[in-house]
Amino acid sequence: MFPTRLCSGIERLCGTYINKLCISTTAVHCREVEDRRLMLRSMPALDEGTVGEKAIDIDTQLAQKGDIFPDINTPTRLFYGIPFKDIPICNIKVSKNNTILCLTDAKGVPKLTRSCGVEGFKHTKKGTNIAAQATAISIGLQAKEQGYRTVRVRVGGLGPGRMSAIKGLQMSGLNIASITDGTKVSWNPPRPRKAKKL
């Protein structure tokens with residue numbers, strides 16, 4: 001577009017200015033890079049989700065607490081000042097559609113019964129973990145009103161409310177002495193469906 005003689009003249013005239021401009025921009029760029037490195041160095045390390053976690057040697061912990069598993073003396077052992085055999089039992093029956101909690105005395109006579117449906121949850125909401133937790137909190141508060149402070153927990157069945165119901169009992173302020181899982185296991189299950197034809 002421009003004649004070559006004119007282009008070379010402009011390059012000669014503007015060359016020093018362009019060189020100075022390039023040097024100044026690289027100096028600014030270097031300063032920005034150094035500032036960024038300094039900023040990254042001063043920032044805390046990235047949390048990988050392991051902050052606060054500790055490695056625990058389970059064998060030594062179990063050796064120190066040798067009495068956490070039941071033995072022949074468990075029925076007479078005191079839990080929160082009550083012999084284990086006299087602690088009331090909270091039975092939690094869990095299914096995928098509902099969670100039912102029943103508080104009985106040590107002999108098995110029912111004292112309180114609550115379910116997610118009684119608590120006000122309807123239809124598919126009865127089968128949620130939130131419904132199970134709310135029901136467990138409710139029955140725990142009623143148990144405390146009747147004078148119960150410590151319970152044994154028996155869980156049966158599979159569903160979303162298993163752990164939530166136990167957590168709800170803890171949240172209500174009850175002391176949990178033991179947790180027993182009595183879920184039925186079929187050793188001879190029914191015959192599976194025939195394979196789907198593709």
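**Exercise 1.** Is Thr-135 buried or exposed?

*Solution.* This is a predicted model, where local features need pLDDT of at least 70, side-chain atom pairs count only at pLDDT 80 or more, and totals for chains, interfaces and linings use all residues. Residues are numbered from 1 along each chain as its sequence is written, and side-chain values use heavy atoms, without hydrogens or water.

Step 1. Thr-135 has a relative accessible area of 0%. Buried means under 20%, exposed over 50%, partly exposed in between (1.4 Å probe, protein chains only). Thr-135 is therefore buried.
Step 2. Leaving aside neighbours within four places in sequence, Thr-135 is in contact (heavy atoms within 4.5 Å) with Leu-101, Arg-114, Ser-115, Cys-116 and Glu-119.

**Exercise 2.** Which elements do the buried residues of α3 pack against?

*Solution.* Step 1. List the buried residues; among them are Ala-131, Ala-132, Ala-136 and Ile-139.
Step 1. Their partners are β4 (99–104), β5 (110–115) and α4.

**Exercise 3.** Describe how α3 and α4 cross.

*Solution.* Step 1. The axes of α3 (residues 129–145) and α4 (residues 162–171) come within 7 Å and cross at roughly 35°. Axes are lines fitted to C-alpha atoms over the stretch in contact; angles run from 0 to 180 degrees between N-to-C directions.
Step 1. The crossing is right-handed (near helix turned clockwise from the far one by less than a right angle).
Step 2. Contact residues include Ala-132 and Ala-136 of α3, and Gly-168 and Leu-169 of α4.

Notes: Helix = DSSP H or I, 4+ residues; strand = E, 2+ residues; numbered from the N terminus.
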